[in-house]
Amino acid sequence: MILDAATALAGPPPVALAATLLPGDTLVDKAVSVSLYMVGIALLLSLYRLLRGPSVPDRILALDTLYVNTIAALILFGMQLRSVVYFEAALVIAMLGFVGTVMLSKYVLRRDIVE
């Protein structure tokens, strides 16, 4: 009985309200768009550090940061387009980025990748 009164006061169900919104009208969509711009700026800054880094370890860190920013951009792009394919691509880039960073670091330390 109390639940019926609360339902009557609440108005239409949230599903009906969500169905009337346009794709770009939600706060999450706007936050994803702003985040994409910010990650794009971060990508450009890490690319600059990769090309102009004063030392090899700085360039390795810039490459690792570039991987992380690319993963963030793909996840945000997948959220914006509501597609799962971008999440899988981000997972592949994360694995390749980790292996690449480890190999480059081993090469810088020992001048030999394979033990």
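How many aromatic pairs does a search of the whole structure find? Hold that for a moment.

First, the ground rules. This is a predicted model, where local features need pLDDT of at least 70, side-chain atom pairs count only at pLDDT 80 or more, and totals for chains, interfaces and linings use all residues. Residues are numbered from 1 along each chain as its sequence is written, and side-chain values use heavy atoms, without hydrogens and water.

Back to the rings. The search finds 1 aromatic pair. Phe77 and Tyr86 have ring centres 5.1 Å apart and planes at 85°, so they sit edge-to-face. The cut-offs: centres of Phe, Tyr or Trp rings (six-membered for Trp) within 6.5 Å, planes under 30 degrees stacked, over 60 edge-to-face, the rest tilted. Phe77 is partly exposed at 33% relative accessibility. Tyr86 is partly exposed too, at 25%. Buried means under 20%, exposed over 50%, partly exposed in between, with a 1.4 Å probe and protein chains only.

Next, the surface. Val28, Ile75, Met79, Val84 and Phe87 make a nonpolar patch of about 420 Å² accessible area together. Patch residues have over 30% relative accessible area and no salt bridge, and nonpolar side chains are joined within 5 Å. A salt bridge is a Lys or Arg side-chain nitrogen within 4 Å of an Asp or Glu carboxyl oxygen. Met79 belongs to helix α4, residues 56-81. Helices are DSSP runs of H or I, at least four residues, and strands are E, at least two.

Last, the record. UniProt, in an unreviewed entry, places "transmembrane region" at residues 34-51, 60-79 and 85-109. Such annotations may be inferred rather than shown by experiment. Residues 60-79 are 100% helix, end C-alpha atoms 29 Å apart.

Technical notes: Patches are made of residues with over 30% relative accessible area and no salt bridge: like charges are joined within 9 Å, nonpolar side chains (Val, Leu, Ile, Met, Phe, Trp, Tyr) within 5 Å. Accessible areas come from the Shrake-Rupley method with a 1.4 Å probe; for residues, only the protein chains shown count as cover.
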